[in-house]
Amino acid sequence: MSEEPRRVDPIARLIQAFGRLPGVGEKSATRLAFFVLRQGSAFAEDLSQALLDATQRIGLCERCMNLTDQPQCSICLDARRDGTVLCVVETVQDLRAIERSREFQGRYHVLHGALAPLEGVGPEDLKIKELLARLQGIDAGVEELIIATNPSVEGEATALYLQRLIAGAGLKVSRIASGLPIGGDFEYADPATISQALSGRRQMNS
Ligand SMILES: [Zn+2]
């Protein structure tokens with residue numbers, strides 16, 4: 001046998017790369033790969049540039065932990081937003097779902113997850129320190145915290161943890177109404193459901 005270095009077939013590599021995307025099985029990965037090949041190099045350049053730009057330029061908003069290509073995201077910078085209400089969500093996708101409903105005029109805080117002790121996710125793994133820092137700093141004017149974590153075991157545990165942590169800080173802490181299916185994701189809820197969940201929120205502390 002020759003000692004020639006093993007060459008990876010570029011088509012196989014492309015199929016493999018697409019196959020790493022969530023929800024894309026081998027069949028879909030193959031279809032995507034051949035689609036890209038048919039489009040030619042201008043399309044590929046455009047696509048790879050978009051991927052690079054997004055991954056290299058986008059970071060976390062220093063205030064709310066949303067994704068942005070600026071130090072602060074456009075929601076935090078928008079002076080028309082209500083600075084007295086903060087909506088706490090698990091993910092950026094949840095934030096975007098709530099924004100789509102156009103129900104909420106305040107600002108957000110993205111935790112980047114929910115407490116899951118069995119999976120080793122504790123408070124220090126979430127953006128909780130950052131939440132406390134902004135409530136004592138740039139967002140000291142916040143009067144109400146709406147906890148909009150998912151209605152799952154993890155989401156409820158996170159809501160309770162935050163309520164206990166913040167109790168006594170003179171803030172109203174409320175929980176969105178359980179209009180969402182149990183274990184259901186915010187991300188996939190329709191705007192009307194999100195709107196009902198927000199307007200039906202109940203206070204957790206008194
Ligand atoms: Zn922000």
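Into which domains is the protein chain divided? The chain is divided into domain 1 (10–57) and domain 2 (67–203), with bounds that come from an automatic or database domain assignment. What you see is a predicted model, in which local features need pLDDT of at least 70, side-chain atom pairs count only at pLDDT 80 or more, and totals for chains, interfaces and linings use all residues. Residues are numbered from 1 along each chain as its sequence is written. Welcome, and here is a short tour.

**The domains**

- The C-alpha centres of domain 1 and domain 2 lie 34 Å apart.

**Helices α1 and α2**

- Helix α1 covers residues 10–19 and helix α2 covers residues 26–39; helices here are DSSP runs (H or I, at least four residues) and strands are E runs of at least two, numbered from the N terminus.
- The axes of α1 and α2 come within 8 Å and cross at roughly 125°. Axes are lines fitted to C-alpha atoms, for helices over the stretch in contact, and angles run from 0 to 180 degrees between N-to-C directions.
- α1 and α2 are therefore oblique to each other (angles under 35 degrees count as roughly parallel, over 145 as roughly antiparallel, 65 to 115 as roughly perpendicular and the rest as oblique).
- The crossing of α1 and α2 is right-handed; a crossing is right-handed if the near helix is turned clockwise from the far one by less than a right angle, and left-handed if anticlockwise.
- On the α1 side, Ile11, Leu14, Ile15, Phe18 and Gly19 meet Glu26, Ala29, Thr30, Leu32, Ala33 and Val36 of α2. Two residues are in contact if their C-beta atoms, placed from the backbone, lie within 7 Å.
- Sorted by class, this contact of α1 with α2 has 8 nonpolar, 2 polar and 1 charged residues. Ala, Val, Leu, Ile, Met, Phe, Trp, Tyr, Cys and Pro count as nonpolar, Asp, Glu, Lys and Arg as charged, and the others, Gly among them, as polar.

- Which residues of helix α5 (residues 92–101) are buried? They are Val92, Asp94, Leu95, Ala97 and Ile98. A residue is buried if 20 or more other C-beta atoms lie within 10 Å of its own, exposed if 12 or fewer, and partly exposed in between, with C-beta atoms placed from the backbone.
- The cover over the buried residues of α5 includes β2 (67–68), β3, β4 (106–110) and α8 (191–199).
- α5 and α8 pack at an angle of about 95°, with their axes 8 Å apart, and are therefore roughly perpendicular to each other.
- Ala97, Ile98, Arg100 and Ser101 of α5 make this contact with Pro191, Ile194 and Ser195 of α8.
- By class, the contact of α5 with α8 has 4 nonpolar, 2 polar and 1 charged residues.

- Most residues other than glycine have a negative phi.
- Met65 is not a glycine, yet has a positive phi of about 75°.
- Met65 lies in the loop between β1 (59–60) and β2, and counts as buried because 22 C-beta neighbours are inside 10 Å.
- Arg102 is not a glycine either, and has a positive phi of about 55°.
- The loop between α5 and β4 holds Arg102, which is exposed, with 10 other C-beta atoms within 10 Å.

- Gly83 sits in strand β3 (residues 82–89). Gly83 is partly exposed, with 15 other C-beta atoms within 10 Å.
- Gly83 and Asp139 are 56 residues apart in sequence, and 7.3 Å apart in space, C-alpha to C-alpha.
- Leaving aside neighbours within four places in sequence, Gly83 is in contact with Arg107 and Gly141.
- Thr84 also lies in strand β3, and with 13 C-beta neighbours inside 10 Å, Thr84 counts as partly exposed.
- Beyond neighbours within four places in sequence, Thr84 is in contact with Gly141, Val142, Glu143 and Glu144.
- Thr68 is in strand β2. Is Thr68 buried or exposed? Thr68 counts as buried, with 21 C-beta neighbours inside 10 Å.
- Thr68 touches Ile58, Cys61 and Cys73, not counting residues up to four places away in sequence.
- Thr68 and Arg57 are 11 residues apart in sequence and 8.2 Å apart in space, C-alpha to C-alpha.
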